[in-house]
Amino acid sequence: RVKHISPYGFIIKPFQMSDVRTNLELALHRFAQDRRTRREQARMQGALQSLADALVMLDADARIALLNGAAETLFATTHAQAAGQPADALMRFCLAGGAKPLPLKLLLATAEEGAGASLPEGVGLCPPDGQPFAPLAGRVIALVNEAGARTGTLLVLQQPTEGDAGALRERLSEALSLSDQ
C-alpha cells in the first residue's frame with residue numbers, strides 16, 4: 001500500500017528502538033541524496049537553457065522530449081507545448097532552394113554516437129511562404145543506452161551568422177551556375 005507514495009522508510013509495530021534509528025538514518029541519507037540529485041538536475045537544466053545553440057532532444061519514436069530556450073525561440077513554441085509531439089510536426093527541414101521538405105527520418109538516419117554527424121550542407125528550415133530560406137549548421141547525435149540500443153536523438157542547431165549565410169549563398173550560386181553550363 002505504501003509503494004505509490006515512495007516513503008523514505010516505514011516502521012511496523014511492534015518495533016525496537018534500533019529499528020527506528022536505522023529507518024531514520026536511511027531516510028535522512030535518502031533525503032540528502034534526493035536533494036543533491038534535484039540540485040544537480042536544476043543546475044543542468046539551467047546550463048541547457050543558457051546555451052545559444054538550439055537543443056532538441058527526441059525520444060526513440062522521434063517525439064519531442066526537450067527543447068531549450070534557443071530551440072523554443074527558433075521554432076516559436078515552448079517546451080510545454082511541444083513535449084510529446086511528433087518532431088516532424090514542429091520541424092520541417094529542406095535543402096536550400098527546395099520547397100519540398102526533407103523527410104525527418106532521413107536526417108535522423110545520419111546520426112552517429114558520440115560527437116555525432118554534421119547536418120548535411122545546405123539543410124535548413126523550410127521557410128513559410130514568402131520568407132527567405134534559413135540555412136542551419138549543427139550536429140545530429142544518436143543517444144544510446146548502456147546496451148547500445150538507440151534511445152533517441154539530439155539535434156544541436158545553430159543559425160549561421162550573416163557572414164556564414166553569405167558564404168553559403170555564394171557556394172550555392174557557384175554550384176548552380178556550374179550545373180547550368
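Pro14 lies in the segment before α1, where helices (H or I, at least four residues) and strands (E, at least two) are DSSP runs numbered from the N terminus. A cis peptide bond, with omega of about -10°, joins Lys13 and Pro14. This is a predicted model, in which local features need pLDDT of at least 70 and side-chain atom pairs count only at pLDDT 80 or more, while totals for chains, interfaces and linings use all residues. Residues are numbered from 1 along each chain as its sequence is written, and side-chain values use heavy atoms, with hydrogens and water left out.

**Overall composition**

The protein chain contains six helices and nine strands. Of its 181 residues, 27% count as buried; buried means under 20% relative accessible area, exposed means over 50%, and partly exposed is in between, with a 1.4 Å probe and protein chains only. The chain exposes about 12,300 Å², of which carbon and sulfur atoms supply 56%, and these accessible areas come from the Shrake-Rupley method with a 1.4 Å probe, only the protein chains shown counting as cover for residues. Among the contacts with a separation of 6 or more, residues 24 or more positions apart account for 41%, a contact being heavy atoms within 4.5 Å.

Five strands form an open sheet in the order β2-β1-β9-β8-β5, and the pairing is antiparallel. Because β2 and β5 (117-118) stand at the edges, each with a single partner strand, one side of each is left without a neighbour in the sheet. Two strands are taken to pair if DSSP finds at least two bridges between them. β1 and β9 pair in the antiparallel sense over six bridges, and three bridges join β1 to β2, also antiparallel. Met57 has a bridge partner in each of these neighbours: Leu154 in β9 and Leu66 in β2.

A second open sheet, of four strands, has the order β4-β3-β6-β7 with antiparallel pairing. Its edge strands are β4 (101-102) and β7 (134-135), each of which pairs on one side only. Two bridges join β6 to β7, and the bridge partner of Gly124 in β7 is Pro135.

**The nonpolar core**

A nonpolar core is a set of buried Ala, Val, Leu, Ile, Met, Phe, Trp, Tyr and Cys residues joined through side-chain atoms within 4.5 Å. The largest such core has 26 residues, of which Val56, Leu58, Phe75, Met91, Phe93, Leu155 and Leu157 touch the most other members. The elements that give two or more residues to this core are β1 (54-59), β2 (64-67), α2, α5 (104-108), β6 (123-125), β8 (137-144) and β9 (150-158), and the largest share, four residues, comes from α2. Leu157 touches Asp53, Ala54, Leu74, Phe75, Phe93, Leu119, Leu136, Ala137 and Gly138, residues up to four places away in sequence not being counted.

**Loops and backbone**

Ala62 is found in the loop between β1 and β2, a hairpin with four residues between the strands. Its phi is near 60°, a positive value in a residue other than glycine. Ala76, in the loop between α2 and α3, likewise has a positive phi, of about 50°, although it is not a glycine. Thr77 is found in the loop between α2 (69-75) and α3 (79-82), and it touches Leu67, Glu72, Ala82 and Leu90, again not counting residues up to four places away in sequence.

The table lists the relative accessible areas of residues discussed in this report.

| Residue | Relative accessible area | Class |
|---|---|---|
| Met17 | 53% | exposed |
| Gln45 | 36% | partly exposed |
| Ala62 | 23% | partly exposed |
| Ala76 | 71% | exposed |
| Thr77 | 15% | buried |

**Helix α1 and the surface**

Met17 is found in helix α1 (residues 17-50), and together with Ile11 and Phe15 it makes a nonpolar surface patch of about 290 Å². Patches are made of residues with over 30% relative accessible area and no salt bridge, like charges being joined within 9 Å and nonpolar side chains (Val, Leu, Ile, Met, Phe, Trp, Tyr) within 5 Å; a salt bridge is a side-chain nitrogen of Lys or Arg within 4 Å of a carboxyl oxygen of Asp or Glu. Gln45 also lies in helix α1, and its C-alpha atom is separated by 8.5 Å from that of Asn68, 23 residues apart along the chain.
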